[in-house]
Amino acid sequence: MSQQPTDDADYVLDRQVGFIMRQANQRHLSIFARHIPELTPMQFAALAQLCALGPVSQNALGRATAMDAATIKGVIDRLRLKGYIASAADPDDLRRVLLTATGEGRAAFDALVPLAQGITAETLDPLDPAERAEFLRLLSKLR
């Protein structure tokens, strides 16, 4: 099978959505690490959802944070080691384990919320207020 020649001039990496989104994400991750070095963004997301939802299964927490089963397991294991979450049998179904934020986990989350809000603000800082709203609206459509 012969391949058709491609016009490489039509493909500019710097204009590709994936490349631009990866650069923006790298910038955001750098800002996050500077302000909240004790947690990864995925650990923070899991703790935030756990604090918001209350006791949930690992599977449900994975869905709520858009993490696959292997990823959420590792995140949960690391949060458990930090003392931020605990697990117990579901009183309605003893085969199921429920995760909950510990007092220490809830306190850590509450203390980190202002930092997380600052991270969002710093990430969006290059945009004016109207652009921020439009950016978030458009980005949400890509989910």
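Analyst: A residue is called buried under 20% relative accessible area, exposed over 50%, and partly exposed in between. The model discussed here is a predicted one.

User: Why is A121 called partly exposed?

Analyst: A121 has a relative accessible area of 45%. The C-alpha atoms of A121 and G74 are 29 Å apart, and the two residues are separated by 47 residues along the chain.

User: Is T123 buried or exposed, and how do you know?

Analyst: The relative accessibility of T123 is 18%. The limit for buried is under 20%, so T123 counts as buried. T123 also belongs to helix α5, which covers residues 103-124. Apart from neighbours within four places in sequence, T123 is in contact with R27, H28 and I31.

User: What makes R63 exposed?

Analyst: Exposed requires a relative accessible area over 50%. R63 has 58%, and is therefore exposed. R63 lies in helix α3, residues 58-64. Between its C-alpha atom and that of Q23, 40 residues apart along the chain, the separation is 26 Å.

User: Why does A66 count as exposed?

Analyst: The relative accessibility of A66 is 75%. Because the term applies over 50%, A66 counts as exposed. A66 is placed in the loop between α3 and α4. A66 has a positive phi of about 60°, although it is not a glycine.

User: Why is D90 called buried?

Analyst: D90 has a relative accessible area of 5%. Buried means under 20%, so D90 is buried. The place of D90 is in strand β1, residues 85-90.

User: How do you know that the side chain of D90 makes a polar contact with the side chain of R96?

Analyst: The distance between the two side chains is 2.8 Å. A polar contact needs a pair of N or O atoms within 3.5 Å, one able to donate a hydrogen and the other to accept it. The pair of D90 and R96 is accordingly a polar contact. The side chain of D90 also reaches the backbone nitrogen of D92 at 2.8 Å. Not counting residues up to four places away in sequence, D90 touches R96 and L98.

User: Why are α2 and α4 called roughly perpendicular?

Analyst: Helix α2 and helix α4 (residues 69-81) pack at an angle of about 80°, with their axes 10 Å apart. Angles of 65 to 115 degrees count as roughly perpendicular, and α2 and α4 are therefore roughly perpendicular to each other. On the α2 side the contact is made by M42, Q43, A46 and L47, and on the α4 side by T71, I72, V75, R78 and L79. These residues divide into 6 nonpolar, 2 polar and 1 charged.

User: What makes α2 and α5 roughly perpendicular to each other?

Analyst: Helix α2 (residues 41-53) packs with α5 at an angle of about 115°, their axes being 10 Å apart. The range for roughly perpendicular is 65 to 115 degrees, so α2 and α5 are roughly perpendicular. The crossing in which α2 passes α5 is left-handed. F44, L47, A48 and C51 of α2 make the contact with G105, R106, F109, L112 and A116 of α5. By type, the residues of this contact of α2 with α5 are 7 nonpolar, 1 polar and 1 charged.

How values were computed. Residues are numbered from 1 along each chain as its sequence is written. This is a predicted model: local features need pLDDT of at least 70, side-chain atom pairs count only at pLDDT 80 or more; totals for chains, interfaces and linings use all residues. Side-chain values use heavy atoms; hydrogens and water are left out. Helices (H or I, at least four residues) and strands (E, at least two) are DSSP runs, numbered from the N terminus. Buried means under 20% relative accessible area, exposed over 50%, partly exposed in between (1.4 Å probe, protein chains only). Contact means heavy atoms within 4.5 Å. Axes are lines fitted to C-alpha atoms, for helices over the stretch in contact, and angles run from 0 to 180 degrees between N-to-C directions. Angles under 35 degrees count as roughly parallel, over 145 as roughly antiparallel, 65 to 115 as roughly perpendicular and the rest as oblique. A crossing is left-handed if the near helix is turned anticlockwise from the far one by less than a right angle, and right-handed if clockwise. Ala, Val, Leu, Ile, Met, Phe, Trp, Tyr, Cys and Pro count as nonpolar, Asp, Glu, Lys and Arg as charged, and the others, Gly among them, as polar.
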